[in-house]
Number of protein chains: 2
Amino acid sequence: MPLITFTPDNRSANVAVGTSLLDAAARAGVTIPAPCGGEGVCGECRVRVTQGTVERLQRGGLSPAELDQGWALACSSRVVGDATIAIVPFSPTGAAQMVTSAEAQTAGTPATVRVVRAEPLAAKRLLRVPPPEAGQGACDCERLTRALSSTGGPQHAIASLDALRELAAALRACDGEITVTLAEGDLGGTTEILRVEPGDTTARQFGLAIDVGTTTCAVNLVDLAHNRLLGTRANYNGQLARGADIISRINYARPPERLAELRRLVLETLNRLVAGVCAPHGCQPREIDNVVVAGNTTMTHLLLGLDPQYIRLAPYTPTVNQPPRLRAGEVGLDVSPSACVTVAPSVGSYVGGDITAGLLRTALAEPGHDLRLFLDIGTNAEVVVGTGEWLMACAASAGPAFEGSGVRCGMRATPGAIERVALDPATAAPSVAVVGGGRPRGVCGSGMIDLLAELWLSGLLDSSGKLHPDRGGDRIRPTKDSARNLEYEIVPAAASETGAAITLDERDIQNLLRTKAAVYAAGALMLKSIGLDLNAVTEVYVAGGFGRYLDLRKSIQIGLLPDLPLERFTYLGNSSLAGAQMMLCSAAARRRVVEMARRITYLELNVDPAYMSEYTAALFLPHTDLARFPTVQAAAGRAKSDAPGAISGARP
Amino acid sequence: MPLITFTPDNRSANVAVGTSLLDAAARAGVTIPAPCGGEGVCGECRVRVTQGTVERLQRGGLSPAELDQGWALACSSRVVGDATIAIVPFSPTGAAQMVTSAEAQTAGTPATVRVVRAEPLAAKRLLRVPPPEAGQGACDCERLTRALSSTGGPQHAIASLDALRELAAALRACDGEITVTLAEGDLGGTTEILRVEPGDTTARQFGLAIDVGTTTCAVNLVDLAHNRLLGTRANYNGQLARGADIISRINYARPPERLAELRRLVLETLNRLVAGVCAPHGCQPREIDNVVVAGNTTMTHLLLGLDPQYIRLAPYTPTVNQPPRLRAGEVGLDVSPSACVTVAPSVGSYVGGDITAGLLRTALAEPGHDLRLFLDIGTNAEVVVGTGEWLMACAASAGPAFEGSGVRCGMRATPGAIERVALDPATAAPSVAVVGGGRPRGVCGSGMIDLLAELWLSGLLDSSGKLHPDRGGDRIRPTKDSARNLEYEIVPAAASETGAAITLDERDIQNLLRTKAAVYAAGALMLKSIGLDLNAVTEVYVAGGFGRYLDLRKSIQIGLLPDLPLERFTYLGNSSLAGAQMMLCSAAARRRVVEMARRITYLELNVDPAYMSEYTAALFLPHTDLARFPTVQAAAGRAKSDAPGAISGARP
């Protein structure tokens, strides 16, 4: 059977002739995202054949130049013989880079959850246990628990079987000096002794914060003894090859063996990330006693092997919103098998633990009457609003346009992505900033927002998302497919990394409008439902994978964000991972996230006809009701004479 | 490689030429006891070659007739080609048959622990959980716990991951009718939901009582819904091939991989017994939610994978006397993985959970001043004495003479064992009763006691254990090996199943005397140490694997039991298994066994020089101090004229 090798990791597999490259990659343990489900539509699974050859079943939107360079779609290319395939390696987005230290992470967060000293759920304690004495008859375990209770520890601690198996040797290795890892019981239960180690190992306490995203998984390794972030790793969720979004994963998981497969895939992703993040720091995964997982409700179900079918069916019922505290061994994580695994609680089927964890990075639910808004903008947009007295949440299916899917030139905020755009008002020629500084390959979320805003402000695009055929010179032209579908050329073929022009057409623009309309409508409707207005909001938190920067002014100009003074906004980046890390390090954060999840009232938009009219009204730039965007209206007036807005981003 | 097949179970293995039959049996998953550790001494591993041939390295005490019939010692026979080997199948002793129903088992036990309705640790409860409602947002788990608390169940129950994985489907299979298995938390912890099943399965609740003996393992399957014993199974402990007694097992387990091997061996034995006891009753092992294990401290350590080394080393310290409540999955038992496993608590290294469980069958520790004595007579003899105010225990190494080892003609109380003996005073000819009624193969414990007493009472044996060469006619003669070692022929070669005479020689008698002396001395010394006398004992409980019957009068006549009125004795048989079953069925029994284990003061005989003098004084029939055995002295006087005592046994 031909040998297919995937670079840069040099993983390989022998597969039969005729196997798709996507399946060959899965066999080799390599994840290639295939958001369209392998239908050759999205172009996300593009790879480059660097040795040997493959049979391409379709061009899949690749230019002749790209085909010459060896580019192929993994989903629609078949193995014909030995080959080496270069995959586009996963690079964490800027958002994942945002978290650089545990201290920085807590900056700006409310005092109630600020972490000074790490307080993990499972914490180490140094003990000196006296040796056994003849005639006393106290077993090792009894002397251990006595030593614990007589030194201010818990009065009744129960040793786990793992701890008992190590106990006899550990007690005798260092004259009775021993380090125990203790976990307080769930719901006030008895304290458990998870592990025992000979000698003093209290300087080695490690924890993992895990964000299980539908597209991307990310882990932070934290040195809990010194409360600092050691490293972070991210990669595609291995389930990506089995469907791009939540609904396709739920459908895929219907037969029990496929639910088991999805669980295995995400565990493989996580366990590789754990091994990778530990290695450079001389930390063994087995030394990790604490894990916090944040993910949306479906991701949590798939990770735990819970049937997600009823999440998708009315009345949209998860098996569990707040999973009990679990052991890493039963979850399947390759850390200490007795490690405590805490899962961030969900509010409902479409407002998950990623959101409640993310809320820890905000002042929502702080005492007082200030009205605060949290927006997590992804394929699903989740909106939470509230004061110290009440909290309300909803979710809207926004589509993945800002994450690089559903827009032909779209890509994640990885090297080669245009992340910022400004137009010359005279020539309509764009100047762009590219992640990594090289030649551009596509446009990420923040670049799309810039582009939409600049096109509209410079009059090349009307409020309904139509390009003006008679403005912008050659840059605006019909697409090859349809004379009625215009496109705007951002980068000509000659200047592009792929050899194909980077363009945005009116269909792409409609997808972007649908996404931004869904987000805005969800927030507006939720406030309306309780008789409030977006203008009453005193603080807005924005989370999502747009890239390193989010231009707030331009996000308002396209009507994605409400028209509020810029100082009321905070851009959080990947708040789910940051929130998981806060839960890892702070007992107050763990209490607070549970309390918040309980307090949040979940609003089901699917069943509310008012949502559709809000949504339809928001499908314009910035909105059909311009009175809602007074400063944008003013800026649009000025834009005719002024230069396009200077590049001014909100850095997370 | 030659194929070796073991009958009657037809298990087979391909092994290399030169492999010992003992190792071939282990490879085939067949346990052949080898108490002497494979040295060809004890003859316990005798098998019959029924097809093919093997190379015998030594005769191993087999007669020419036996060799002709194909008998061989498995430990000292080597594979030369394909062969079929008949092993002596394990038959439960009469003692195991004693327990015939849960009701009968509790008869005669104190009211405080008498079981009326089974109260297992993990109990089922039928619930009706309302379906999810739109706009309510309650997840499956929340509706379940609400249904529990609103119907008088626990206010805060935590679902296990196993339960959560079944929950969504179970709730929707029978319109919300669901059976939950609940276990109250350890030390007052939170109640856990172990399992959920669709519909009403409350009529199917099963539990296992397990006795893990050094030689034999036994399991009782109990229908907890109807509080009745369904079946019982017993077999050799698979560890038997790795050493006959506790000390040799501890030594064997020194390298961690060997500890793991011993754990695997006993788990294989238990899991086979579980499968076997379940099958005839249409019960799936996965339906078992409750397990109670009773065993000596070393057996418990080996089963749980705990290092037993310090049990053997002064000051004799187990890792744990009272293991926490465990899950069957972590223990390795093939029942429901979330089943609660309770281990009967030990008192110390040599007074284990088999003893504390056995005490549940007695009135020891009942309120009041009555002095009661409990004797568990096995390879190790454990003695417990006490009143309602105090309890004291000790252990003595008694040797396996009454269990069929260390005595050439000894065997367990299986078919072919002589279980009762009476001598004709005129001819010294014995009349015997054989288990199963066929031709005799050897003598079990109860037969040995009868034989010793009858030989002494009829004047063929003196008090020091010497046979009279000039009495008994041809039946008393020198052994083939030594003219100075006399033997008594119980059954001539022509009447024996094996074709060899069944005889008892003076070395055998010394072994029996050492065993009975150790038991008596332990009890006498313990009472003496607190200024009390054996005569003060109002009730004596005798446990052990002698056989179906134990002749109390003769046990007193040889000085094994103290000379007390017969009505003060109760013979319990396998009290460990019976006690484990009481713990399985009764919450009071579970509380009581823990409380008793805590109250017992452990006396270390090894370090007491007074024990050696007590022991030496007891090495006579019945004792050097005849004043301690007044009725025996009187009987011995009468015996010269009377016929030997009629066969009158104490049935357990």
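Two strands are taken to pair if DSSP finds at least two bridges between them. Helices (H or I, at least four residues) and strands (E, at least two) are DSSP runs, numbered from the N terminus. In chain A, four strands make an open sheet of mixed pairing, ordered β6-β8-β9-β7. From one strand to the next, the twist averages 40°. Here, axes are lines fitted to C-alpha atoms, for helices over the stretch in contact, and angles run from 0 to 180 degrees between N-to-C directions.

The structure is a predicted model: local features need pLDDT of at least 70, side-chain atom pairs count only at pLDDT 80 or more, and totals for chains, interfaces and linings use all residues. Residues are numbered from 1 along each chain as its sequence is written, while chains are lettered from A and ligands numbered from 1 in the order in which they are written.

Within this sheet, β6(A) pairs with β8 (residues 177–183) of chain A in the antiparallel sense, over 7 bridges. A:Ala123 has A:Leu182 of β8(A) as its bridge partner. Helix α6 (residues 161–173) of chain A packs on the sheet and touches β7, β8 and β9 (191–198) of chain A. The direction of α6(A) makes about 40° with that of β9(A). Contact between two residues requires C-beta atoms, placed from the backbone, within 7 Å.

Chain A is divided into five parts: domain 1 (3–87), domain 2 (122–198), domain 3 (206–343), domain 4 (364–400 + 513–638) and domain 5 (406–503). These bounds come from an automatic or database domain assignment. Over C-alpha atoms, the centres of domain 1 and domain 4 of chain A are 39 Å apart.

A second open sheet of chain A holds 5 strands in the order β2-β1-β5-β3-β4, again with mixed pairing. At the edges stand β2 (11–14) and β4 (71–73) of chain A; each has a single partner strand, so one side of each lacks a neighbour in the sheet. Neighbouring strands are turned by 35° against each other on average, direction ignored. Strand β1 (residues 3–7) of chain A runs antiparallel to β2(A), joined by 4 bridges. One bridge pairs A:Phe6 with A:Arg11 of β2(A).

Helix packing was examined next. In chain A, the axes of α14 (residues 506–529) and α18 (residues 609–617) come within 8 Å and cross at roughly 130°. α14(A) is therefore oblique to α18(A). Angles under 35 degrees count as roughly parallel, over 145 as roughly antiparallel, 65 to 115 as roughly perpendicular and the rest as oblique. From α14(A), the contact uses A:Ala517, A:Ala518, A:Ala521, A:Ala524 and A:Leu525; from α18(A), A:Ala610, A:Tyr611, A:Glu614 and A:Tyr615. The contact has 8 nonpolar, no polar and 1 charged residues. Ala, Val, Leu, Ile, Met, Phe, Trp, Tyr, Cys and Pro count as nonpolar, Asp, Glu, Lys and Arg as charged, and the others, Gly among them, as polar.

In chain B, 43 residues are in contact with 43 residues of chain A. Elements giving two or more residues to this side of chain B are α5 (140–150), β7 (157–159), α6 (161–173) and α10 (309–312). The largest share, 6 residues, comes from α6(B). By class, this side has 23 nonpolar, 12 polar and 8 charged residues. The axes of α5(B) and α6(B) come within 10 Å and cross at roughly 80°. α5(B) is thus roughly perpendicular to α6(B).
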